[in-house]
Amino acid sequence: MLNLNGITVRLGGRTILDRATATLPPYSRVGLIGRNGAGKSTLMKVMIGELEADEGSMDMPKNTRIGYIAQEAPSGTATPFETVLAGDVERAALMEEAEHCADPDRLGELHERLIAIDAYTAPARAARILVGLGFDEEMQGRPLDSYSGGWKMRVALAALLFSEPDLLLLDEPSNHLDLEATLWLENFLKSYPSMMVVISHERDLLNNVVDNILHLEGGSTTLYSGGYDSFERQRAERAAQLAAAKASQDAQRAKLQDYVARNSARASTAKQAQSRAKALARMQPIAAMAEDPTLSFDFPSPDELKPPLVTLDLASVGYTAGKPILQRLNLRIDPDDRIALLGRNGNGKTTLARLLAAQLTPMDGAMSASGKMRVGYFTQYQVEELDGDDTPLEHMTQQMKGATPGAVRAQLGRFGFSGAKATTKVGKLSGGERARLALALITRDAPHMLILDEPTNHLDVDAREALVQALNEYEGTVVLVSHDRHMLELTADRLVLVDGGTATEFSGTIEDYTDFILGKGPAKEKLSKADRKEDKKAQAAAREAQSKLKREVSDAEADLAKLEVVLSAIDRAMFDPASAANEYKNLTMGELSQRRGKIVAAQEAAEARWVAASEALEKA
């Protein structure tokens, strides 16, 4: 069991955590979630002792081994395999001592302990973890310094998983992974034997791995049972209850204020007025659940172009003359396509994306593209290269040369940068806000094709949902590289597998591909052109239907919350007329009863809509 007792942390004069309190059950798998900047990583640093809380404490069983990935990636001449084996500190120390031990009794003790901790199967376990995270046998034997930072972080993750701590702490573990490694990690964590706290914005991981959600908002924590979908349902119910409670309190506050104002000056009622004034001062305001009005993605739709937009005919592409990365590329992209590029990192997904974006030219074969086509190409490098000293308004003005100030601000407004946000220095924006700005910049001229390479890395769950909805409403072509399975399922209707030095259509669904990667199903045969067209239409229709059902569920929930507030106000007017809102003060009991009946009927209708849409969405 892990207890957080009133944890308060202040950084730079700002309160990040404000009396955060929670009791995490033994062996629980907890998803730590919250909006970007809410303090998730700060709380995790308190858990590992890297950051000392200004107030409060944390309790856990003695001798608990805590595992956490350091921010600095491992480096040096050691191999990934050696680094992972060294991750089990006790095993490494025992093996070292046994190698030089001359005392037979001590040597016997060492071997008994090595057997107890399964030390002799460790090399096989280490190799399996590395393979799952994308390292084949050859890669496991290369020095760490031959790898990029992303691959080094995979080694760090492998070493942490191998060490099997009593409390496993993971902060966005899939950020450096491709879809294939993400699927493996999710499967691995399902059977992890000890307690786990994971910061993640991956909806599928939060649904399939964790059994509790610890939600961090406004510096405080709330524990919900179940996965992410269960959290969303519970939170919606809580929002409706809070709205009703706030309306009731507002009415009570108004009644007290009115009494104090009318009776303070009269000697006969002055004491009662003072008493009510004290009650008013003690009353803690109930805050409605915070919503972020700046959470916005709105891709401008382009003018129409005749198909095809792009055609590849036996094309080859690479970076060094005579050494193509991909060959025999045959691909046609039309204006209404939604394509997901699948395949492990290093197979050439980004190379194909750069070819489609005209950043690379074919080394062989042919590529034809519409001369009027505009392309918006998003990569993580664009987010990292934004000038921190400039504002979103300055960035957009530089890119939209000749545009009116109104047009510049309108494009920024599509992505939530209005008012003060437009003139805030980029260096003070969160990672998610910078990603939104990069998307605003690449879509300034309403591109016909969006190519998005891992667009969700800096986005929280709510922002990812907003991005999915915006992509489904966008009228151009989408080519997507992402490890977010939820996004691929709701957005893509064509899957292209980049593997073996080429790219081919994958005829199944994301679920089929998941089964294929995890060894639960065969690779799909390539569909005929006619079948592929029909399959594409069916998937596009399904995607549109799911998006519509999600909106229906959300609208019904919002209607229920509003009707609950109105019903509460009518009930208050019926049973306590003196505290009634102005709208109901002059109505007779019969008129109030009639209005109440209409609201109850509307509630029943909204609830029926919610049930029907929820059931349909579940089936979809």
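This is a predicted model: local features need pLDDT of at least 70, side-chain atom pairs count only at pLDDT 80 or more; totals for chains, interfaces and linings use all residues.
1. Glu202 lies in the loop between strand E7 (195–199) and helix H9 (203–208), whereas Arg464 belongs to helix H17 (residues 461–473), so the pair ties together parts of the chain that are 262 residues apart in sequence.

2. For the chain as a whole, the secondary structure comes to 21 helices and 18 strands, and 46% of the 620 residues count as buried. The chain exposes about 30400 Å², of which carbon and sulfur atoms supply 50%.

3. The structure holds 27 salt bridges, and they join residues in several kinds of setting. Glu109 and Arg106 form one of them, at 3.2 Å from N to O; because these two residues are three apart in helix H4 (residues 104–116), about one helical turn separates them. Glu109 counts as partly exposed, at 45% relative accessibility, and Arg106 is partly exposed too, at 30%.

4. Another salt bridge connects Arg595 with Glu583, and here the closest N and O atoms are 3.4 Å apart. This pair links distant parts of the chain, with Arg595 in helix H21 (residues 589–619) and Glu583 in the loop between helix H20 (529–575) and H21, 12 residues apart. Arg595 is partly exposed, with a relative accessible area of 35%, while Glu583 is exposed, at 53%. Salt bridges can also be linked to each other in this model, as Arg203, Asp229, Glu232 and Glu465 are in a network.

5. Which residues of helix H15 (residues 405–413) are buried? They are Val408, Gln411 and Leu412. Around the axis these residues cover an arc of only 100°, and therefore they lie on the same side of H15. Helix H14 (392–399) and helix H16 (431–442) are included in what covers them.

6. Helix H12 (residues 349–356) is mostly covered, since six of its eight residues are buried. After H12 comes Ala358, which has a positive phi, near 65°.

7. Strand E18 (residues 502–506) is also mostly covered, with four of its five residues buried. Strand E17 (residues 494–499) runs antiparallel to E18 and is joined to it by five bridges, and Leu497 stands opposite Thr504 in E18. The two strands E17 and E18 form a hairpin with two residues between them, and Gly500 in the turn has a positive phi of about 65°.

8. Some backbone angles deserve a second look when the model is read. Most residues other than glycine have a negative phi, and most peptide bonds are trans. Glu172 has a positive phi near 50° although it is not glycine; it is found in the loop between strand E6 (167–171) and helix H8 (179–190), and at 12% relative accessibility Glu172 counts as buried. Leu314, likewise a residue other than glycine, has a positive phi near 50°, but Leu314 lies in a strand, E10. The peptide bond from Pro307 to Pro308 is cis, with omega near -5°, and Pro308 lies in the loop between helix H11 (270–282) and strand E10 (310–320).

9. On the surface, Met95, Ile115 and Tyr120 form a nonpolar patch, with about 300 Å² of accessible area together. Met95 has its place in helix H3 (residues 89–100). Met95 and Leu114 are 19 residues apart in sequence, and their C-alpha atoms are 7.9 Å apart in space.

Key. Residues are numbered from 1 along each chain as its sequence is written. Side-chain values use heavy atoms; hydrogens and water are left out. Patches are made of residues with over 30% relative accessible area and no salt bridge: like charges are joined within 9 Å, nonpolar side chains (Val, Leu, Ile, Met, Phe, Trp, Tyr) within 5 Å. Accessible areas come from the Shrake-Rupley method with a 1.4 Å probe; for residues, only the protein chains shown count as cover. A salt bridge is a side-chain nitrogen of Lys or Arg within 4 Å of a carboxyl oxygen of Asp or Glu. Buried means under 20% relative accessible area, exposed over 50%, partly exposed in between (1.4 Å probe, protein chains only). Two strands pair if DSSP finds at least two bridges between them. The arc is that of the directions from the helix axis to the C-beta atoms. Contact means heavy atoms within 4.5 Å.
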